[in-house]
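Please read it with the structure open.

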Amino acid sequence: MNKTLFVVILFILAVVLSLLVGPAQLNNQILQLRISRAVLGIFAGGILAFCGGILQGLFGNPLVEPYTLGAASGAALGGSIGVLVFGTVSPFLAFLGASGVGFFVYTIARLEGGLFRDRLILAGVVMSFLCSSLVMIIMVMGGKELYEILYLLMGYLGIIINTTNRILIIFLIIISLATVIFLYRFHRELDIISQGMETAAGLGIDIQKFSLIIFFATSLIIGFTVSIVGAIGFVGLIIPHIARLLFGPKHLYNLPASFILGGTFLLLADTLSRIITVYELPVGVVTSLIGVPFFIYLYKK
Amino acid sequence: MRCIRAIILFLITINLFNCSKKNNTKSLRIVSLSPAMTEIIFALGGEHYLVGTTTFCTYPEAAKKTYKVGDFSHPSLERILAQKPSLVVVNPPEQNHIIRELKKLKIPLFISQPRCIEDIYKEISEIGHIIKKEDQADSLVNFMKNNLKPIKKDKIKTVYVELSSRPLITVGQKSFLNELISLTGGKNIFTDIKKAYPIVTQEEIIRRNPDIVILLHPGNIKDRLGWQKLEAVKRKQVYKNLNPDILLRPGPRLVQGYNKLKKILSE
Amino acid sequence: MKRAIELKKVCFAYDKKEVIKDISLILRDKEFIGIIGPNGAGKSTLLKLLCGILKPRIGKVFIYEEELQNMNQKEIARTIGFVPQETHFALNFSISDIVSMGRFPYLNPFQKLSAEDKEAIEKALVQASITEYRNRPINSLSSGERQRVVIARALAQKPKILLLDEPTSHLDLHHQYRIMELLRKLNTEGITIVIVNHDLNLASLFCNRLFLLKTGKIWATGTAREIINVKTLKAVYGITVQVINHPQTGVPQIILPSKEQ
């Protein structure tokens, strides 16, 4: 219970810090800015870490992260096409790209025999490479569009939520949270599936159907996240490990912990990214800077 | 929920105190995210309106001492807002993401996006009008016009400009440098590429065999295979250690760049 | 005798490779069955067809007279426990966590363990004699002990039938024997046991009926005394062995020749 308290306090601390700390004097406008960042930070960090935890469980592979199945590069491709066509990154096309790649990955994975689950990873990696090279082509050919795509690839939380985009973002957050709760129902299946496919089948889990549900549900919300804040790295890979180190292998406990810790870490990292230097460091850089020492400390312990 | 609202209200009230103390009397507060526009504003004598610049705004010397809101491509939105600007000068496309957020906050923007030297004159006049320095703007434009006159030459020398060696990045049709080279009577070997800063191949450079090579990065071409037979190398027309800002920044210092190029082309 | 599992003209293929060719068989309640045969004969595939992990291309499977296709996976898991050849312990669960997973077919997503569940888990721990390990992490156990944990997990399913895929491979003599003894005990308590085994001597000693498979077909079926003989083994495995009778029980035991004859 101590650990739960620790995590909750850390979370509250991160929220308060992110609202109070920054280079500017707080006023109405600055507060709007910081609340936007805090909301997006909690949302994106939570979703990415949660999905990372689920996918690492499903694939029984600690190196899997939310972007392994191609969502990030798909969103980047969709976003880049949007830049070419409309001159600006549209979250809708980014999402379409992420889900489109998901569909291709699924189709490729179904083509040949063998275990569907393992081929998903391979298909995801292959599709990621394809999308990355297409994005590269667009970047090299396009020139000035490059910067928008760069931000989509690096991730950026500084999007202000105002009256024009508020409804969309709230809508996406609600759908994502509903999906998170839906996925959380499968915590027992994930525990079991980590011990192997045959074990899971023997205990009454329909592996193919289950993999498919997880794959599409996570692709959906990862696509949402990337389309709004870009492909923020690290959180989805390392936070699930930290959650397991703190709360053990049971997904009943470590999945919610991943969500909260992911949000906390991204918020802290974003706060730091605003104050360390005059310019804004990419938030993904800072997540690794504070996350890795913490991870090593826990691992040693 | 009520608790959250109370916290937010509390935060706002604290800060109302803070801002009431700092309320400035000057109405025009400019944050310039464009190094060239910073130079122009200084040249027009409007520097006291500048309340923020980027770390790239290093000319003139006094510009270094202005409040920095970030670097050219990662300015901090919060630092910009902290200066309560009445106008933000921005440079698309590098700053598109920040422009989008500034628009949401309904902050007036001066979008500096000159595509040719003529555009620079227009922008100088516009900013001169905004900071009430119309006369200075006129004289700066006239000074630049008089010093940036096209030169006709019998034999047109070809020029290769290299911005980076890995990959090889040069200047294409849509860059100022291309225009500056033709003004001074030379010809950019990649003037046919309809991009500002294209990536090119070694073979293409060797095939086009420039008379003059200008390196705008610290590297050199001595150890490059196949480059030794270039016309420029044979005639020792390889130039290094130039200040790239006078050639690439669409501001008053283009005149210096023009003079430098003129000298190189007449050697 | 009740029919525990019945296969009717079952064929199965991975992609285009046919592995099970038209097998029909009946396993009766409370039997101790051994499936033996050379590598690639389709033993493991047959075992997975018996519990619906694999679905037959052609033919039908019945479990206690009910057609398998009409049952959902969880229903099957409440009747049949399956112990796979390999279990991955990627995550370091405690023993009681792992055995509790056996209750999965009885639980809803956020349902807590009921008294009945806890009783089943406790009984499984006792049956597999691993009660003293319950709080230890799985990675601290030897492979022999781990196999008992996996069997306990299957027992927590309260199965009427227990299927095991090579439960004694990778184990030393002591653990091999103890696992087989455990299975015999479970069998006398009324659980139908089906094992796939390479060790013909163990199979002969413990099973009361054997299925000898070759290239996807049943070559022979019967008690060890009926089917384990020099002629059959020569035909199926391609080597000439010596068969002697076990000094205590008289079941056939195989002795490998010192040199190929």
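1. Does C:Thr188 count as buried or exposed? The model is a predicted one, in which local features need pLDDT of at least 70 and side-chain atom pairs count only at pLDDT 80 or more, while totals for chains, interfaces and linings use all residues. Residues are numbered from 1 along each chain as its sequence is written, chains are lettered from A and ligands numbered from 1 in the order in which they are written, and side-chain values use heavy atoms, with hydrogens and water left out. The answer is that C:Thr188 counts as exposed, at 62% relative accessibility, where buried means under 20% relative accessible area, exposed over 50%, and partly exposed in between (1.4 Å probe, protein chains only).

2. C:Thr188 belongs to helix α6 of chain C, which covers residues 173-188; helices (H or I, at least four residues) and strands (E, at least two) are DSSP runs, numbered from the N terminus. A polar atom of the C:Thr188 side chain lies 2.6 Å from the backbone oxygen of C:Lys185. Between C:Thr188 and C:Asn72 there are 116 residues in sequence and 29 Å in space, taken from C-alpha to C-alpha.

3. Chain B contains 11 helices and eight strands, and its C-alpha trace spans about 75 × 45 × 30 Å along the principal axes. Of its 267 residues, 52% count as buried, and the accessible surface of chain B comes to about 13,400 Å², 56% of which belongs to carbon and sulfur atoms; these areas come from the Shrake-Rupley method with a 1.4 Å probe, and for residues only the protein chains shown count as cover.

4. Contact here means heavy atoms within 4.5 Å. Among the contacts in chain B with a separation of 6 or more, 55% are accounted for by residues 24 or more positions apart. Two pairs of chains touch, and of these the pair with the most contacts is chains A and B, whereas chain B and chain C do not touch, their nearest C-alpha atoms being 28 Å apart.

5. B:Lys157 deserves a separate look. It is placed in strand β5 of chain B, residues 157-162, and is buried yet has no salt bridge, the nearest side chain of opposite charge being B:Asp211 at 7.1 Å. A salt bridge is a side-chain nitrogen of Lys or Arg within 4 Å of a carboxyl oxygen of Asp or Glu, and for charge Lys and Arg count as positive and Asp and Glu as negative, with His and the chain ends not counted. A polar atom of the B:Lys157 side chain does lie 3.3 Å from the backbone oxygen of B:Leu265. Leaving aside residues up to four places away in sequence, the residues that B:Lys157 touches include B:Gly185, B:Arg235 and B:Glu267.

6. Over all chains, a search of the whole structure finds 24 salt bridges. One of them joins C:Arg209 and C:Glu31, with the closest N and O atoms 2.6 Å apart. C:Arg209 lies in strand β9 (residues 209-214) of chain C and C:Glu31 in the loop between β2 (17-28) and β3 (32-36), so the pair ties together parts that are 178 residues apart in sequence. Both C:Arg209 and C:Glu31 are buried.

7. In another salt bridge, C:Arg103 and C:Asp117 have their closest N and O atoms 2.8 Å apart. This pair links distant parts of the chain, 14 residues apart, with C:Arg103 in the loop between α3 (95-100) and α4 (115-127) of chain C and C:Asp117 in helix α4. Both C:Arg103 and C:Asp117 are buried. Elsewhere, salt bridges that share partners join A:Arg34, A:Arg37, A:Asp270, A:Arg274 and B:Glu78 into one network.

8. The backbone geometry also calls for checking. Most residues other than glycine have a negative phi, and most peptide bonds are trans. The peptide bond from B:Pro92 to B:Pro93 is cis, with omega near 0 degrees, and B:Pro93 lies in the loop between β3 (87-90) and α4 (96-104) of chain B. A cis peptide bond also joins B:Arg166 and B:Pro167, where omega is about -5 degrees. B:Lys132 has a positive phi near 55 degrees, and is exposed, with a relative accessible area of 61%.

How values were computed:
Polar contact = N/O pair within 3.5 Å; in protein donor to acceptor, adjacent residues only side chain to side chain.
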